[in-house]
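Have the coordinates open as you read.

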Amino acid sequence: MSGRVLVGVKRVIDYAVKIRVKADNTGVVTDGVKHSMNPFCEIAVEEAVKLKEKKLVKEVVAVSCGPQQSQETIRTALAMGADRGIHVEVSGKDYETLGPLQVSKIMAALAKKEDAQLIILGKQAIDDDCNQTGQMTAALLDWPQGTFASEVTLDGDKIKVVREIDGGLETIKINTPAVLTADLRLNTPRYATLPNIMKAKKKKIANVKPADLGVNLTSRLEVLKVEDPPQRQAGMKVETVEDLVGKLKEAGKV
Amino acid sequence: MAAPLVRFLSKSLRQISRPSWGACQSGLRSRTTSAPAVAPNQAGGVVAFPPLQTYSEEESMMRDAVRKYAQERIAPLVPMMDENSVMDEEVITSMFEQGLMGVEIDPEYGGTGSSFFSSILVIEELAKVDPSVAVLCDIQNTLINTLFVKLGTPAQKEKYLNRLSTDMIGSFCLSEAESGSDAFSLKTRAEKHKDYFIINGSKMWISNAELSGVFLVMANVDLSAGYRGITCFIVDRDTPGLEICKKENKLGLRASSTCPLNFDNVKVPEANILGEVGHGYKYAIGMLNEGRIGIAAQMVGLAQGCFDHTIPYTRQRVQFGKRIFDFQGMQHQIAHVATQIEAARLLTYNAARLKEAGRPFIKEACMAKYFSSEVATLTTSKCIEWMGGVGFTKDYPIEKYYRDCKIGTIYEGTTNVQLSTIAKFIDKEYDR
């Protein structure tokens with residue numbers, strides 16, 4: 001199988017940053033906070049670039065939906081080895097309500113427009129932890145899906161995917177075109193070397209609007225409140241088992 | 001603290017300043033070094049003179065890439081390298097792989113093809129994690145590579161630049177046992193025979209010597225002509241007669257090897273002269289002016305790295321019922337040190353930008369190197385105090401920074417030499 005791979009990359013708050021909830025409880029503080037590429041998206045890019053290096057695919061296209069700053073994330077993907085980028089411009093209110101349903105509609109439309117044969121996404125984003133975009137994209141395109149992939153092998157026009165599931169590992173074989181979502185152990189993403197960063201400057205990032213793809217961004221969800229997890233209460237020490245049972249009965253737990 | 005502020009500023013400014021930075025640079029280039037004029041605002045209210053902590057997208061990406069690489073692949077090896085006084089091979093290989101050893105070399109020769117300022121940022125980021133690794137990168141980029149790029153014949157560039165950017169380390173050999181600051185009184189001589197030279201003598205304090213594949217040796221072809229006989233020779237490691245002696249057992253920068261060299265009738269073909277005969281002194285001064293900015297960047301990174309390890313401790317350690325950070329005495333000391341680091345960084349960045357703009361920069365480079373090395377000494381000393389007893393132990397990285405910083409006031413031009421040079425420039429300024 002040779003052809004085009006679309007890789008979705010999301011710009012999220014950096015994993016090392018301490019998250020703070022906004023004073024009005026409508027969300028988390030993002031202004032002036034360090035952002036970077038979602039770690040699972042990095043793994044997705046790495047996998048796509050590896051496939052290209054093995055000459056199993058011809059072109060890797062990095063896609064990101066978001067405001068102007070999403071271009072930085074696409075540049076990082078280019079520096080890792082993607083050939084070109086597509087920036088789907090979404091900003092303001094639309095960006096605040098952007099969720100898996102809208103993104104999967106965009107990805108599906110792009111897949112058709114770019115004649116992609118493979119879509120690789122991270123299994124979930126570390127800001128919303130939705131774990132839905134890959135699955136929804138596959139459903140919209142009526143393509144098979146290999147999610148939580150920890151190993152991917154291309155075999156003619158089929159793909160063998162080893163999936164990490166609750167009970168252990170599951171191996172499936174799916175037809176192409178297909179959607180894959182990357183799990184942690186799929187690979188170790190490469191560093192963008194300085195020469196590759198320089199080369200990335202020359203690679204193109206196309207600008208696209210969701211309306212151009214015929215996608216409606218209205219959200220069916222409304223965020224009512226965002227708050228910190230409850231403060232952990234102090235525990236109690238007891239001397240004997242009888243005391244423990246007594247305390248549990250008092251608290252109405254037994 | 002300086003670091004997050006820098007990141008925030010650079011990120012928000014990058015958007016608005018990128019189009020104007022080019023205009024700003026060309027505007028600066030056409031002006032002389034006298035009083036700064038007030039710039040009219042460009043259309044759209046964009047500021048024409050962005051702050052020093054303004055980076056092109058390329059520079060920002062490089063800095064972030066090096067930061068990540070240094071944290072993940074170099075940091076774990078630092079204590080071992082310091083203890084054993086050895087640079088891990090994996091570090092060297094990955095430095096080449098990442099393109100850090102040929103930042104300014106043209107991609108045609110396997111380099112990264114970026115700017116001087118990028119190499120300054122790379123050196124600063126590496127120094128935050130390990131100043132020894134930073135000095136390896138600094139010498140390669142600002143001394144060795146620059147000499148070959150500026151002075152190399154096409155044949156020499158063909159032979160060496162590719163290797164310097166992909167797998168070969170170079171050493172710069174100027175100092176001798178009897179000539180450090182008084183560099184031009186060097187005694188290593190090169191006798192001319194037909195189409196080759198015989199070099200005899202010895203060098204001292206040569207960094208990276210243990211691992212270098214090529215040595216740029218300053219030798220005198222005519223001692224009676226004084227410094228006008230100094231010539232730069234390219235000597236390959238395997239040349240018969242070249243002896244690399246046992247490395248020094250140093251206080252700091254231990255992972256970087258520093259060795260004496262002996263030259264015993266070393267035969268070097270005439271084709272291995274870099275530049276012109278008798279012009280070596282000029283090249284040495286010229287290169288060291290630029291290398292100075294690299295050392296300044298190393299010292300700034302060292303100070304910042306040490307500071308970054310210390311502040312979290314002060315915010316966490318509680319004595320007398322409050323964080324030690326909350327004591328006013330501590331706050332004042334910390335703020336003072338942070339200001340010094342910021343000033344050192346700005347001096348360094350400005351010197352680098354001046355050099356890139358082709359404007360006079362020697363005085364500023366001297367100021368940057370002198371000031372940064374002093375700031376590094378102050379910062380590391382204070383950091384040990386703030387950490388208390390644990391700062392004094394090898395379990396924490398602070399004491400290593402303290403040991404590493406001291407060479408900053410000594411090598412590539414001692415503090416006294418820098419100060420004298422600055423004074424000479426000041427004297428000239430008031431001539432008019």
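1. Ground rules. This is a predicted model, in which local features need pLDDT of at least 70 and side-chain atom pairs count only at pLDDT 80 or more, while totals for chains, interfaces and linings use all residues. Residues are numbered from 1 along each chain as its sequence is written, chains are lettered from A and ligands numbered from 1 in the order in which they are written, and side-chain values use heavy atoms, with hydrogens and water left out.

2. Chain A overall. Chain A has seven helices and eleven strands; helices (H or I, at least four residues) and strands (E, at least two) are DSSP runs, numbered from the N terminus. The C-alpha trace spans about 70 × 40 × 40 Å along its principal axes. Of the 254 residues in chain A, 45% count as buried; buried means under 20% relative accessible area, exposed over 50%, and partly exposed in between (1.4 Å probe, protein chains only). Looking at contacts in chain A between residues at least 6 apart in sequence, 70% join residues at least 24 apart, where contact means heavy atoms within 4.5 Å.

3. H8 against H9 in chain B. Helix H8 (residues 280-316) of chain B and H9(B) have axes that come within 10 Å and cross at roughly 155 degrees. Axes here are lines fitted to C-alpha atoms, for helices over the stretch in contact, with angles running from 0 to 180 degrees between N-to-C directions. Residues meeting here include Ala296(B), Val300(B) and Phe307(B) of H8(B) and Ile334(B), Ile341(B) and Ala344(B) of H9(B). By class, the contact has 15 nonpolar, three polar and three charged residues; Ala, Val, Leu, Ile, Met, Phe, Trp, Tyr, Cys and Pro count as nonpolar, Asp, Glu, Lys and Arg as charged, and the others, Gly among them, as polar.

4. H5 against H9 in chain B. H5(B) packs on helix H9 (residues 328-356) at an angle of about 155 degrees, with the axes 9 Å apart. H5(B) and H9(B) are therefore roughly antiparallel too. Among the residues making the contact are Phe116(B), Phe117(B) and Ile120(B) of H5(B) and Arg345(B), Tyr349(B) and Arg353(B) of H9(B). The contact residues split into six nonpolar, one polar and five charged.

5. Lys128(B). Is this lysine, Lys128(B), buried or exposed? Lys128(B) counts as buried, because its relative accessibility is 13%. Lys128(B) sits in helix H5 (residues 116-129). Its side chain makes a polar contact of 3.0 Å with that of Glu125(B); a polar contact is a pair of N or O atoms within 3.5 Å, and within protein one must be able to donate a hydrogen and the other to accept it, with residues adjacent in sequence counting only if both atoms are side-chain atoms. Leaving aside neighbours within four places in sequence, Lys128(B) contacts residues including Arg67(B), Gln304(B) and Tyr401(B).

6. Glu90(B). Glu90(B) belongs to helix H4 (residues 89-97) of chain B and is partly exposed at 37% relative accessible area. The side chains of Glu90(B) and Arg73(B) make a polar contact of 2.9 Å.

Notes
Angles under 35 degrees count as roughly parallel, over 145 as roughly antiparallel, 65 to 115 as roughly perpendicular and the rest as oblique.
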